[in-house]
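Dear colleague,

I am passing on a structure for you to look through, and my notes on its pockets and rings follow below it.

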Amino acid sequence: MDRQAFKQAFFDGKVFDAYRWFGAHLEGDTAVFRTFAPNAARITVTGACNGWNETDLTQDGRSGFWEGRCTGAAAGQFYKYRIYSRDGTVTEHCDPYGRAMELRPGCCSILTAPEGYAFSDEDWMQARTAAPDAPLNIYELHPGSWRRSPADENGWYRYDELADLLIPYLTENGFTHVEFLPLSEHPFDGSWGYQNTGFFAPTARYGTPDQLKALIDLLHQAGIGAILDFVPVHFAVDSYGLARYDGTPLYEYPHVDVGESEWGSCNFIHSRREVRCFLQSAANYWLTEFHFDGLRMDAVSRLIYWQGNPARGVNGDTLAFLQNMNAGLRARHPTALLIAEDSTAYPGVTRPVEQGGLGFDYKWDLGWMHDTLEYMQTPPDERPQHRGKLQFSMQYFPNERYLLPLSHDEVVHGKAAIVQKMWGADLTGKYAQARAFYLYMFAHPGKKLNFMGNELGLRTEWSEAAELDWAYENGPFHEFFRALCQAYCAHPALHDDYAPDSFAWLPDDPDTPCVFAFERRCADETLLAVCNFADTPCTFAVPEDTELLLHTDWPQFGGDPAGGELLAEGALSLPAFSAALLRLT
């Protein structure tokens, strides 16, 4: 595309690869710098290539397209833009389209080599599928606090070093995908990557862009997918980032009442077509250049309603942006997953754009998460009055394609770890309830996501400043969780969620109001899940030729030495707070 055609497409909001034009590009020993700043009075670049002096960029007419060149440039050199506003102020900014940045608290962009990393994952990319009948068991990961490196002063493993530890762990534990909390460059560790300054720059905390590509390449060669948490709603307020980039609100709303988010960050103004090109190009960049297998889009409710509040009405501009972006990404990456973190009841989130929907593959079922955890926090003698909290999810399940999340948001800021959320003070009872709860989750229709540490049965909240407590590794709860994940992947009835008649509740028994039983079906098998959330034991009648696949009360999982078992004449033993998965033969 020539310059004029690119400019027109950019102003029309149709560009998905703006990073190929904007940013810094090496041509031999010359660096070409391009940025968009329509209200700037003057722009210079300063960096290692010009001895940290100023080299002027020239504007193409009044288009807002600025361009300049520096000789003596090489990959790895730092640079910044110095932007002179019309009011006389001067602010240094990192490159909005820069592909690498220095480690915080530094804020320079870094020149990158044009040739880049050569992937060896052709087989994976060709065979990759977004089919809804495939297992999808996601391990949500914060790389800096999963394990800590003794060789790094900050305790961080490099991206490629992480591969050696992470890949066998994911494989052994039955996870099909890993979802990384946002990896775009960000200044504050405590934001976990959700307040970005470098939307095209992998954070330098864990290494270089090529090292991240190597990690994804190795994941693919091991048969594991990689999903990236993508933040299209807001950005960091730091002056060197996007905030008032050209001396005016360029990427953000000009009005304070909608310009700042509840997290203290700047809200993108999605009605500007140049901003749409920036964000959809960033989304496409991670899928194209890094071979990510999907994007989990953060805070989609803020893209549906004004600041996420249904009472303020639907935001038509942001909906149009979202539909256009998802349609464009789907056309370019038909087998990549698009996942919405959306807490609203807005219809059609996972309906194709051409049918009037938003075009996502899956939507987080946050209603299921809240209802189920509230039920598990309810005293057992009150649970019979709250059966609907576990049954309601299947009333609306056919409306969308859902993913059941137990994410990082549920184990921070005083919310307690999953095990600690269970009712009561007795640890044995808490672990028993947690095992039954997880079997219910994995047998329930919908894809799965768990934040790191959930699988270990941790009893303390997550902190980004410390690694997980690995003393729990290979304990009884971890052994149970591993067996459950492996069963989920091995049995099509558990992950063929959207086939007709794939789910059916069994009739309620008024004598056991805390027992929930349901069938999962596919063409090859029928499974039965039975969960006893009472603090008293019971038996449950099953066909005599039933095969017991998994019982949460088996001794190796930390259950009673007698264990849950199939009794004579087709009776299933269900101790207090236990659950079982069976195959009907």
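A charge is said to sit over a ring if NZ of Lys or CZ of Arg is within 6 Å of the ring centre and within 35 degrees of the ring normal. Please keep in mind that this is a predicted model. In it, the charged end of arginine 42 sits over the ring of tyrosine 84, at 4.8 Å from the ring's centre, and the charged end of arginine 332 sits over the ring of phenylalanine 16, at 4.0 Å from the centre.

Tryptophan 192 and tryptophan 462 are both buried.

Turning to the open spaces, the largest pocket contains about 640 Å³, and of the 28 residues that line this pocket, the closest to its centre are Trp263, Asp298, Glu341, His408 and Asp409. By class, its lining has 9 nonpolar, 10 polar and 9 charged residues, and the largest share, 3 residues, comes from helix H10.

The second largest pocket holds about 500 Å³ and is lined by 25 residues, with Arg99, Thr112, Ala113, Gly116 and Lys213 nearest its centre. Its lining divides into 15 nonpolar, 5 polar and 5 charged residues.

With best wishes

Key:
Residues numbered from 1 in each chain as written. Predicted model: local features only at pLDDT ≥ 70, side-chain atom pairs only at ≥ 80, totals over all residues. Heavy atoms only, no water. 1 Å grid on protein atoms, 1.4 Å probe; cavity = no way out; pocket = protein on both sides within 12 Å on 5 of 7 lines; lining within 4 Å. Points joined across faces, edges and corners; volume = space filled by probe spheres on them. Helix = DSSP H or I, 4+ residues; strand = E, 2+ residues; numbered from the N terminus. Nonpolar A, V, L, I, M, F, W, Y, C, P; charged D, E, K, R; others polar. Buried < 20%, exposed > 50% of the residue type's maximum accessible area, 1.4 Å probe, protein only.
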